[in-house]
Amino acid sequence: MMSIILRRSSSKRALTAALSSVESILHNHLSPKSGAAAVVPKPDEIVKTRCLGGREFHVKSGPLDFKATMMWQAQSAVDDYAAYDDSKDEGLEITKLGISQDIVAALAKRGISKLFPIQRAVLEPAMQGRDMIGRARTGTGKTLAFGIPILDKIIQFNAKHGRGRNPLCLVLAPTRELAKQVEKEFYESAPSLDTICVYGGTPISGQMRALDYGVDICVGTPGRIIDLMKRGALNLSEVQFVVLDEADQMLSVGFAEDVEVILEKLPQNRQSMMFSATMPPWIRNLTQKYLKNPLTIDLVGDSDQKLADGISLYSIATDMWSKASIIGPLITEHAKGGKCIVFTQTKRDADRLAGAMARNFRCEALHGDISQSQRERTLSGFRDGHFNILVATDVAARGLDVPNVDLIIHYELPNTSETFVHRTGRTGRAGKKGSAILIYTQEQSRAVRGIERDVGCRFTELPRIAVEGGGNMFNDMSGQSGTYRGGMRDRRYGDMGFGRSSRQGDSGFGRSGGYKSPGFGRSSGPSSGSFGSNANRSGNFSGSGFNRSSGFGEFARSDRSSAFGDIGSGRSSRFGDFGDNNSKQTSGGFTDFFGSSGNNNTDNQNTGRRPF
Ligand SMILES: Nc1ncnc2c1ncn2[C@@H]1O[C@H](COP(=O)(O)OP(=O)(O)OP(=O)(O)O)[C@@H](O)[C@H]1O
């Protein structure tokens with residue numbers, strides 16, 4: 001017990017080494033943690049029993065045994081998420097599923113008492129040990145879908161065989177932030193298990209110490225995992241479960257090589273699962289390489305609508321030079337004081353847009369060139385509601401689970417329809433409602449139709465917002481007039497700053513006076529004051545502790561088109577003309593993308609710029 005307390009507390013971490021010798025003496029006398037009955041292994045089952053750093057090793061290697069007791073089949077869960085009335089289905093009651101009391105209690109504490117459909121669909125086959133590919137819409141609970149069965153099986157295993165030192169489960173995620181989230185979800189759902197999140201950009205020594213101490217579950221980004229493997233700190237020989245979260249991204253070029261290096265080190269006899277809200281056709285061939293007779297559980301299927309229910313979609317046409325000026329009015333009208341994420345293509349645009357908006361709204365930028373500690377402060381500040389507008393690159397497109405984001409604005413078109421799905425999916429999570437607005441130029445109209453076709457959605461066109469005198473936010477924001485030469489910016493409007501904007505035609509927004517002040521629509525509308533007027537960029541938000549403090553992580557870009565050629569859906573045209581967005585395409589290798597600024601000015605998931 002002491003070991004657990006120490007490992008989970010950053011402030012007590014320094015004491016770990018000093019106490020480890022005392023602890024190792026005590027360890028054999030400590031009873032197992034809650035939920036785990038003490039089991040004395042038979043001599044022939046014992047593989048390793050030596051105690052290192054306060055934790056006994058697993059006493060038995062090999063596949064975990066489990067006999068399914070759940071009654072439903074995966075097929076039965078392929079109901080439409082919204083149409084499904086789970087209030088009458090007692091089969092979804094978590095208390096009635098035979099899941100470990102530890103997990104049931106922890107979930108109940110978080111207000112989770114019923115399974116979501118993907119969780120229901122996955123549970124039984126996962127418990128039976130099936131490899132699988134799972135697809136369900138964004139925000140529908142995929143993390144717990146693979147998490148609950150894994151946690152339950154590990155609890156059972158530990159109860160039977162004793163706690164071990166090497167991880168039984170490995171979860172790979174494309175970003176540090178997502179890795180953190182998954183680890184947090186695991187930890188909060190089974191506090192009796194030891195979890196660790198490993199990622200780049202933080203001192204490796206602390207992670208090595210924690211691993212040496214013993215963990216049940218390791219969640220991380222591929223780059224750091226490989227690093228830890230090379231240093232001999234991470235032993236994957238006992239891994240029984242491996243999950244690729246955001247599998248399509250993990251198997252894309254730039255990630256796949258590293259993922260392969262890691263998978264090769266895992267025991268053959270393991271259960272492998274891959275999850276994502278998007279599973280482009282090319283992934284099916286690829287998964288054959290990594291999965292054994294996989295079961296596909298696809299709650300999206302061929303249904304037209306690929307987005308979560310409850311998300312209202314809008315599009316608005318604008319000129320390139322007016323774009324920035326319409327953001328304010330859009331936020332004021334559609335976010336209504338709630339949380340909003342604005343997605344840009346480039347880190348520079350995220351910075352500049354956030355900087356300009358900060359005159360009138362409380363907002364922050366989030367991208368890979370921002371220091372890790374600042375990213376963490378930014379994200380926790382956004383989560384905690386210290387500010388409500390996040391201007392982010394696609395680093396925040398996947399997996400980020402911030403409750404109650406009301407509005408997504410695609411300030412620039414996403415590179416692919418999958419990115420559109422993931423960006424948009426930051427709202428409307430867990431059955432909640434939300435809105436997304438796609439800003440496009442006339443030349444990008446075809447791309448907008450392409451998204452509609454691919455994603456099976458229909459945008460409601462908002463009336464244009466006219467900007468008097470044009471307006472180039474970048475020139476107006478920090479005396480940098482004329483210095484920014486990105487192709488998407490038109491310098492002809494360089495000196496105009498933000499013009500007075502007004503709506504054309506019937507706005508539908510209920511105001512006719514337009515937006516009188518310069519800048520980002522500091523409006524006289526009803527909710528204009530809700531964000532405050534000053535940017536808080538000073539980082540007043542407290543960071544979290546050890547292993548929970550990183551921002552986004554090793555996020556390699558992929559140029560999928562270069563490797564997968566036409567394996568994809570056959571759609572090869574990119575969305576519109578993105579102009580010079582300062583992106584530099586790279587391929588191969590796992591880059592700690594966020595750490596390297598250089599010419600890489602995007603945090604895009606796919607610089608191949610083709611829908612996949
Ligand atoms: N059974 C449940 N009951 C209530 N809330 C749940 C349940 N399962 C998951 N949630 C919550 O729903 C939210 C979304 O879950 P999660 O992040 O796993 O979605 P996801 O499908 O992985 O989304 P994405 O595709 O965007 O990564 C989380 O806040 C999670 O805690």
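Before going on, a note on the model: it is predicted, so local features need pLDDT of at least 70 and side-chain atom pairs count only at pLDDT 80 or more, while totals for chains, interfaces and linings use all residues. Residues are numbered from 1 along each chain as its sequence is written.

**The whole protein**

The protein has 18 helices and 18 strands; these are DSSP runs numbered from the N terminus, with helices being H or I of at least four residues and strands being E of at least two. Of its 612 residues, 56% are buried, meaning 20 or more other C-beta atoms, placed from the backbone, lie within 10 Å of a residue's own.

**Around the ligand**

The ligand has 19 residues around it, and the closest are Thr138, Gly141, Lys142, Thr143 and Ala430. Being near here means that the C-beta atom, placed from the backbone, lies within 6 Å. Helix α5 gives the most to this shell, with three residues. By class, the shell has seven nonpolar, eight polar and four charged residues. Ala, Val, Leu, Ile, Met, Phe, Trp, Tyr, Cys and Pro count as nonpolar, Asp, Glu, Lys and Arg as charged, and the others, Gly among them, as polar.

**Two helix pairs**

Two packed helices are described by the angle between their axes and the distance between the axes. Axes are lines fitted to C-alpha atoms over the stretch in contact, and angles run from 0 to 180 degrees between N-to-C directions.

| Helix pair | Angle | Axis distance |
|---|---|---|
| α5 (residues 142–161) and α6 (residues 176–189) | about 45 degrees | 10 Å |
| α8 (residues 222–230) and α10 (residues 256–264) | roughly 40 degrees | within 10 Å |

With the α5 and α6 axes at about 45 degrees, α5 is oblique to α6. Oblique is what's left once under 35 degrees counts as roughly parallel, over 145 as roughly antiparallel and 65 to 115 as roughly perpendicular. Thr143, Leu144, Gly147 and Leu151 of α5 touch Val182, Glu185, Phe186 and Ser189 of α6. That contact has four nonpolar, three polar and one charged residues.

α8 and α10 are oblique to each other too, but their crossing is left-handed. Here Pro222, Gly223, Ile225 and Ile226 in α8 meet Asp258, Val259, Val261 and Ile262 in α10, giving six nonpolar, one polar and one charged residues.

Key: Buried ≥ 20, exposed ≤ 12 C-beta atoms within 10 Å, placed from the backbone. Contact = placed C-beta atoms within 7 Å. Left-handed = near helix turned anticlockwise from the far one by under 90°.
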